[in-house]
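Happy to walk through this one with you. Here is the structure, followed by some questions and answers about its side chains.

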Amino acid sequence: MNFENFQNSLEELRAATPLTKYEKSQKLASQIDFICRTLEGVEFIYNNVSEILEAGFFTETSWENPDKLVPILVKGTLKAGHPTTSYEIISELRMLAISKGKIDGNEKDAAEFLEEVVVNNLEFAFKEINEETRQSMQKNDIQKVFNLFDFLLDNIELSNIKSKLAEEVHLICSQRPVVTRKARSIIKLIAKKIDLSGSSESDKKLKFYTEALQSPGKLATKFNDPEDYVAAIKQLSLEELKKEAEVLAEYMRATGLNNPYLAEMLLFLVAKHADIVPLCLGLNQRGVAEWQKHQEFVGTIINENISRFNYLCIYGLARMLERGLLSRSAVKAGFNNMRRIQLDSDVEVRILKSVVNKHPEVHAKQYLIAACLQVLGQPLGVGQGNNSTCQSARGISMWSSHAPAKLLNMITTVATRNNLIWRFENDDLESIKLPKGLVDQLDYNLDAVSVVIVPHLDKIYNEMMRRASGRTEDPHKWVNPALYGQWIQIGFASVYDNLSQSILDFNGFLKTFYMVFHPHYNGNRQMIYPNPIGIFVTSSRGDMLGFHAISLLRVSENPENKEIRAYFLNPNNEGRQDWGQEIKPSVYGNGEKRGESSLPFYQFAARIYAFHYNTLELDNENQVPEAEIEKVRKLAKDSWGKSYIWNDMVKQW
């Protein structure tokens, strides 16, 4: 990288008069913006940070006095875009330089400041940005911030933030994501940089997670090389082998994480002690019965696809067995078909792009079949990555839950043909012939199933929306049943009017929602299938950001306090977000199943704009108290509602 322009701009700032100081600092900020788009550039800026400060870069700005800066405000300025983002990056690099004694300042305070910054910005530190960030930041600014945190994590002491990291790892793993890259990155960083020899709860929790990933049990700790581990387990007695298998299963079931030792043990047991396989997978009674019924077939799947180099699917395999899916002949046939296919070359490239640590002994089809085991075992762990494809991710999750054979058949078709055909209103939509969808450039931080079929689903969804647009109602009314399947109810309510860009009869809309889903007003009727819901995404300040697709899975009491809560799938990689007004979906501790997010029902209702329902099941409208409706209305109107005109004309729902 050529830094000549930077040096010229720095010299101009040094020579600037008070009248030209601002202009010259802006010019230098532009150079910093460009340079920090690479990690090498961030390191260069860090090495020159004292010269930047001496030139007066922060003169008469909010960053002039480092003692007055507040760590919690860093996230907002990092998201603000150039030049603010560039100023904030220099501010963090200044703090790092102070903490290292490179420039004058309180080293301890600077180090603590940076620790707080990392804690409050884990989405940047581990490259897992949320919906708000994705919509509000430019790609170049995101890359700059990623580079900044890569550099910070390589240069600061992390021991003092153990409790926060322990909580973060716990909550990520509690959701059982299919793609575990974020959790694994945090755990590997912890193992590399943090002393866990203490006796605190944080030390114990983090040590358990690092063991689950890198050394699950005494034998794995003793034999760091998986080959030596294999030799060691061959020498164990039957009882010792069972105990070792149970330890491996305990780590996997407690965390949702897999490791090469588990793969080697599983392969050894399939070959020599098949009756111990259920112990190794930690299977429940249903899973044990499924293993016993399909032992030969499952053993073949394991031998063909699982190895020390391709082991991330083992937890998904266990969960799939517990779902009893192989007892569905169509699912078993789907896997058999996939074992025999020849991948399309373009599809193969996409699959391999999604694998971080590729190994020459594992081919693309093995990665794909492994991902199928994960997706079918963990339907609520499917995420959209950093893509605007929440509709497609929601679909994969729905089909995995309720039409797994259909999903496998779809995957096989695309894997071999790199094409997909979908029927919409008596027309066949062929994905290869359609223009691009919502995604301009696919982010490959996805599972192999998603990278295979999402590009095609995205184009088909976009074409459906294009054809259904311009009608008097929300196009999702027609698109959702056509895309997701026959279990989507035909009745449809949308409070958002496309033509007038206004909110129509919000009170009537809410009453309908309560009558359909709230057990106190629908005769305690439970949901059977997921319901595709459209929500308004809001920032932590409650400001409108955009639209988002989720699935309402169930409505029930929180077993802890009997509060009625909505439990839903948010395909945005991370179910915990801050939607403002103290509306913060939780993923653990309020009766959530693995992969669910939840909110009190009234808070959930305050963010929705569309849902499907059975029109024949509506009655007793007046039972929903007006006070409840007004409570929800106020939350809505004081947040995303500020962006629209509200029309209270009564509509027929």
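Predicted model: local features only at pLDDT ≥ 70, side-chain atom pairs only at ≥ 80, totals over all residues.

Q: How is the aromatic pair of W487 and Y529 classed: stacked, tilted or edge-to-face?
A: Searching the whole structure gives 38 aromatic pairs. For W487 and Y529, the ring centres are 5.9 Å apart and the planes make an angle of 25°. Planes under 30 degrees apart count as stacked, so the pair W487 and Y529 is stacked.

Q: How many residues apart are W487 and Y529 in the chain?
A: W487 is in the loop between α28 (476–484) and β3 (491–494). Y529 is in the loop between α29 (506–517) and β6 (531–538). The pair therefore links distant parts of the chain, 42 residues apart.

Q: Is F536 buried or exposed?
A: F536 forms a tilted aromatic pair with F547, 5.7 Å centre to centre and with 45° between the planes. F536 lies in strand β6 and F547 in strand β7 (residues 544–557), so the pair ties together parts 11 residues apart in sequence. F547 is partly exposed at 36% relative accessible area. F536, at 0% relative accessibility, counts as buried.

Q: Which ring does the charged end of R471 sit over?
A: The charged end of R471 is 4.7 Å from the centre of the ring in question. That ring belongs to W478.

Q: Which residue's backbone oxygen lies 3.0 Å from a polar atom of the Q175 side chain?
A: Q175 is in the loop between α11 (162–174) and α12 (181–193). Its relative accessible area is 10%, so Q175 is buried. Leaving out residues up to four places away in sequence, Q175 touches E574, G575, R576, V587, R594 and G595. The backbone oxygen at 3.0 Å is that of L171.

Q: Where do E123 and K79 lie, and how many residues apart are they?
A: The structure holds 36 salt bridges. In one of them, the side chains of E123 and K79 meet at 3.7 Å, N to O, and both residues are buried. E123 is in helix α8 (residues 122–125) and K79 in the loop between α5 (74–78) and α6 (84–99), putting them 44 residues apart.

Q: About how many helical turns separate K108 and E112?
A: K108 and E112 form a salt bridge, with the closest N and O atoms 2.5 Å apart. K108 is exposed, with a relative accessible area of 55%, whereas E112 is partly exposed at 35%. Because they are 4 residues apart in helix α7 (residues 107–120), their separation is about one helical turn.

Key: Residues numbered from 1 in each chain as written. Heavy atoms only, no water. Phe/Tyr/Trp six-rings, centres within 6.5 Å; stacked < 30°, edge-to-face > 60°. Helix = DSSP H or I, 4+ residues; strand = E, 2+ residues; numbered from the N terminus. Buried < 20%, exposed > 50% of the residue type's maximum accessible area, 1.4 Å probe, protein only. Lys NZ or Arg CZ within 6 Å of the ring centre and 35° of its normal. Polar contact = N/O pair within 3.5 Å; in protein donor to acceptor, adjacent residues only side chain to side chain. Contact = heavy atoms within 4.5 Å. Salt bridge = Lys/Arg side-chain N within 4 Å of Asp/Glu carboxyl O.
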